Amino acid sequence: MTVDDAGARALPPVPPPPPPRAAPGSGGPGRARQDAVYRAGALGRRPRVPTDPAGLERAARRRMSRDAWAYVAGGAGSGATMRANRAALDAWAIVPRVLRDVTARDLSVELFGHRYPAPVLVGPVGAAALVAPDADLAIARAAASVGLPYVFSNQGCAPMEQTAAAMGDGPRWFQLYWSKDEELVDSFLGRAERAGAQAVVVTLDTTLLGWRPMDLDRGLLPFVRGLGLAQYTSDPRFRELVRERLARSEQPGRPLRVTPGAVRTLLAMSRAYPGSTWANLRSREPRAAVETFLDAYSNPALSWDHVATLRERTRLPVVLKGVLHPDDARRAFDLGVDGVVVSNHGGRQVDGAVAAAEALPRVREAVGADRTVLLDSGIRSGADVVKALALGADAVLLGRPSVYGLAVAGEDGVREVLENVVAELDLTAGLAGVTNWDDGAELLLHACFSPGRRVNVAYRPVSNQ
Ligand code: FNR
């Protein structure tokens with residue numbers, strides 16, 4: 001008798017447990033999107049919107065005017081910050097963990113007491129009517145259809161009330177540019193509250209407009225053509241400022257020389273201004289509105305003292321966008337703000353600025369685990385979102401990709417872009433062994449070989465043991 005035989009007799013064999021069954025209905029948004037695409041493919045239909053970010057950008061460029069392309073795709077100076085944003089994300093590698101039963105995945109996050117289906121917001125993008133008429137409404141409807149919050153831009157092309165109405169119950173935030181007129185700031189804040197915004201994002205990195213060669217070389221600033229002023233021209237305080245301006249002078253500015261360009265600009269202003277285009281063409285108001293805007297926007301004097309007044313001026317959670325230095329982030333929270341967006345405005349402001357994804361871990365370290373920290377600038381895919389969360393973000397804002405979707409296929413195009421990002425996020429998280437964002441004590445390791453061959457490591461708690 002062998003030892004094995006003896007052991008077998010002493011301990012009767014125990015049948016192995018059956019493998020755990022997949023929970024019903026656990027496909028998730030990733031599987032659902034793949035299903036839709038592959039089933040349509042079997043019928044000979046391909047997605048209208050390319051699923052890979054570079055293809056999306058190329059397709060958008062083909063459909064956009066040169067002006068629109070310059071304004072949306074362009075960045076500050078040599079474009080170094082835009083490249084750095086991508087390089088900083090590419091520099092990290094996800095190290096997937098295996099055998100964690102990822103059948104049931106919960107991508108949702110809670111921000112300021114609201115639960116959203118994924119850690120992705122549609123970021124504020126001004127003057128998007130350069131790309132498509134009714135751009136804001138199309139983006140709003142697309143965001144609402146997938147349940148992701150849309151951050152209305154202060155430089156939007158539709159009044160926030162109209163955009164909110166297009167979203168039904170869809171979640172929305174409002175982004176504020178602090179103008180020189182404090183009453184206008186209060187007016188925007190009040191309107192945002194009444195329009196159902198769940199937070200106000202104050203963008204700090206645009207107190208001056210960055211040096212943008214692609215726009216400069218085309219002599220292009222959409223606002224001068226009256227585009228992106230809808231929040232202003234629909235505002236009672238702003239209208240008052242325009243009337244005051246008109247009352248002060250017979251001429252609302254220097255007289256225009258009549259050139260084809262000037263006529264085009266006048267036409268664009270008159271179309272963008274509320275009311276009938278024909279009446280606007282004969283009115284001095286549209287031009288006075290542009291001049292008033294240029295006077296009020298934006299505010300280079302903005303300081304911590306301004307921000308300190310916000311708590312008294314709105315009941316909405318306050319999020320500061322454009323924070324890159326850990327000390328600024330710390331100071332923001334000390335002052336009582338509710339969140340920060342680590343962002344360099346998609347590389348549109350300071351050429352050679354630190355990449356947002358590079359700044360993020362230091363900001364997170366400085367403010368601690370409990371503060372709300374969001375990231376944008378360079379996010380192009382679901383895998384990027386996973387990296388951003390691993391580096392310390394609670395959620396990300398999508399910038400250019402939704403505009404590219406808009407250019408390719410309007411509202412449907414934006415929806416497809418959002419669905420694709422969330423689908424890839426779902427599949428990447430699952431394949432990396434992550435089933436939700438904040439449970440459990442175990443750590444997921446992300447490592448990367450940076451150019452200096454240093455190994456960076458970042459940790460993010462994952463659930464499931
Ligand atoms: C922007 N961004 C921006 N931000 C903001 O706070 N208010 C705004 O009105 C605008 N407008 C705007 C227009 C366009 C055409 C672009 C591309 C961007 C910045 C935006 O919210 C976000 O920070 C960046 O787009 C993120 O970078 P990526 O992901 O686009 O590279």
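Modeller: A residue is called buried if 20 or more other C-beta atoms lie within 10 Å of its own, exposed if 12 or fewer do, and partly exposed in between, with C-beta atoms placed from the backbone. Valine 337 is buried because 22 other C-beta atoms lie within 10 Å. This is a predicted model, in which local features need pLDDT of at least 70 and side-chain atom pairs count only at pLDDT 80 or more, while totals for chains, interfaces and linings use all residues. Residues are numbered from 1 along each chain as its sequence is written.

Valine 337 sits in the loop that links helix 17 (326-334) with strand 9 (339-342); helices (H or I, at least four residues) and strands (E, at least two) are DSSP runs, numbered from the N terminus. If its neighbours within four places in sequence are left aside, valine 337 is in contact with Val307, Val318, Val319, Leu320 and Ala332, contact being defined as C-beta atoms, placed from the backbone, within 7 Å. Leucine 310 is 27 residues away from valine 337 along the chain, and the C-alpha atoms of the two are separated by 8.6 Å.

As for the chain as a whole, the protein has 20 helices and 13 strands, and buried residues account for 47% of its 465 residues. Of the contacts between residues at least 6 apart in sequence, 72% join residues at least 24 apart.

Buried residues are also found in strand 7 (residues 200-203), where Val200 and Val202 point one way and Val201 and Thr203 the other way, and all are buried. Strand 7 runs parallel to strand 6 (residues 172-176), to which 3 bridges join it; two strands pair if DSSP finds at least two bridges between them. Within this pairing, glutamine 175 stands opposite valine 201 in strand 7.

Thr203 also belongs to the surroundings of the ligand, where 22 residues are found and the closest are Gly126, Thr203, Gly346, Gly399 and Arg400; a residue counts as near if its C-beta atom, placed from the backbone, lies within 6 Å of the molecule. By class, this shell has 5 nonpolar, 14 polar and 3 charged residues, where Ala, Val, Leu, Ile, Met, Phe, Trp, Tyr, Cys and Pro count as nonpolar, Asp, Glu, Lys and Arg as charged, and the others, Gly among them, as polar.

Terms used
Contact = placed C-beta atoms within 7 Å.
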